[in-house]
Amino acid sequence: MNIAICDDDALVLTQLHTYISDYFNKNMMYVSIHCFHSGEEFLKNYRPGVYQLLFLDIYMKELTGVDVAKRIREKDDSLEIIFLTVSEEYFQTAYQNRILEYLIKPVTQEQIDRLMNRIQRLFLDAQHYIDIVYNRTNIRIFQQSILWIEVYGHTTTIHTKQGSYQTRMTLTSIFEQLSSPPFYRISKSQVVNFQLTDFLDSDSIHMVDGSRIQIPSDPRYNKSIRKQYFDYLFLTGGTSL
């Protein structure tokens with residue numbers, strides 16, 4: 001999950017970063033957290049689809065959190081926003097901008113844990129998964145767990161952090177269910193989750209679990225894959241997990 005925190009108080013940024021990191025570490029899940037010190041800084045780096053969650057302070061200099069939320073909603077209705085504030089003055093305004101939650105400072109670890117548990121359930125309900133037929137049974141796979149997908153002959157294999165699943169479904173039908181970014185179709189037979197990519201070398205894509213994906217030897221594919229990967233890094237602020 002990609003999470004952004006926007007607050008002009010450096011102490012709050014540090015505390016929230018720690019609380020959120022602790023939650024994901026305790027639950028053995030991957031997270032990428034980006035901190036911004038002003039609404040202007042966030043909007044300058046923001047692209048729809050990059051972040052799934054934004055912790056946004058209301059009382060900031062120049063652009064307030066309400067101003068930032070309104071600009072986000074002009075082009076993105078999928079980003080979940082949590083307002084941070086010291087009062088309930090903007091409570092009604094918050095919900096007019098489809099704000100998920102309204103947290104009163106100071107925020108505690110317990111509050112973050114409860115909120116993140118709720119968000120995990122929300123994302124599951126919001127179809128952040130794919131449906132496949134596996135061993136003649138319909139199953140759902142959480143997108144965050146998918147490392148890469150490959151097809152050989154008439155069999156498509158989905159490699160996840162928990163194991164691999166084989167299906168007769170086409171790669172195209174599966175790819176259409178995935179979010180882009182972070183999923184990219186790097187060749188006719190391969191889809192890679194760049195969010196779970198560690199690094200690229202001359203002939204392989206190295207995933208965070210230690211597995212490797214062979215890059216096709218054709219120079220056209222090699223160049224295209226590297227462009228897609230670095231485009232993704234630029235889009236997400238230069239980080240994969």
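This is a predicted model: local features need pLDDT of at least 70, side-chain atom pairs count only at pLDDT 80 or more; totals for chains, interfaces and linings use all residues.
Colleague: Why is Gln-228 called buried?

Modeller: Buried means under 20% relative accessible area, exposed over 50%, and partly exposed in between (1.4 Å probe, protein chains only). Gln-228 has 17% relative accessibility, so it counts as buried. Leaving aside neighbours within four places in sequence, Gln-228 is in contact with Tyr-184, Arg-185, Ile-186 and Phe-194, where contact means heavy atoms within 4.5 Å.

Colleague: Where does Gln-228 lie, and how does the span of helix 7 compare with the expected one?

Modeller: Gln-228 is in helix 7 (residues 219–235). Helices (H or I, at least four residues) and strands (E, at least two) are DSSP runs, numbered from the N terminus. The expected span is 1.5 Å times one less than the number of residues. Helix 7, with 17 residues, reaches 24 Å from its first C-alpha to its last, close to the expected 24 Å.

Colleague: What puts the buried residues of helix 7 on the same side?

Modeller: The buried residues of helix 7 are Asn-222, Ile-225, Gln-228, Tyr-229, Tyr-232 and Leu-233. They cover an arc of only 135° around the axis, which puts them on the same side of helix 7; the arc is that of the directions from the helix axis to the C-beta atoms. On the other side, Pro-219, Arg-220, Lys-223, Lys-227 and Phe-234 are exposed. The cover over the buried residues includes strand 1 (2–6), strand 11, strand 13 (197–200) and strand 14 (204–207).

Colleague: What makes strands 10 and 11 edge strands?

Modeller: Two strands pair if DSSP finds at least two bridges between them. Five strands form an open antiparallel sheet in the order 10-9-8-12-11. Strand 10 (164–167) and strand 11 (183–187) each have a single partner strand, so one side of each is left without a neighbour in the sheet.

Colleague: How do you know that strand 8 pairs with strand 12 and with strand 9?

Modeller: Strand 8 (residues 146–152) and strand 12 (residues 190–193) share three bridges in the antiparallel sense, and Glu-150 stands opposite Gln-190. Strand 8 and strand 9 run antiparallel and are joined by six bridges. They form a hairpin with two residues between them, and Gly-153 in the turn has a positive phi of about 65°.

Colleague: Why is strand 9 described as largely enclosed?

Modeller: Five of the six residues of strand 9 (residues 155–160) are buried, so the rest of the structure largely encloses this strand.

Colleague: What makes Lys-105 and Asp-7 a salt bridge?

Modeller: A salt bridge is a side-chain nitrogen of Lys or Arg within 4 Å of a carboxyl oxygen of Asp or Glu. For Lys-105 and Asp-7 the N to O distance is 2.8 Å. Lys-105 lies in the loop between strand 5 (101–104) and helix 5 (109–125) and Asp-7 in the loop between strand 1 and helix 1 (10–26), so the pair ties together parts 98 residues apart in sequence. Asp-7 is buried, at a relative accessible area of 0%.

Colleague: How many salt bridges does the rule give?

Modeller: The count comes to seven. One of them joins Glu-101 and Arg-118, with the closest N and O atoms 2.8 Å apart.

Definitions and conventions:
Residues are numbered from 1 along each chain as its sequence is written. Side-chain values use heavy atoms; hydrogens and water are left out.
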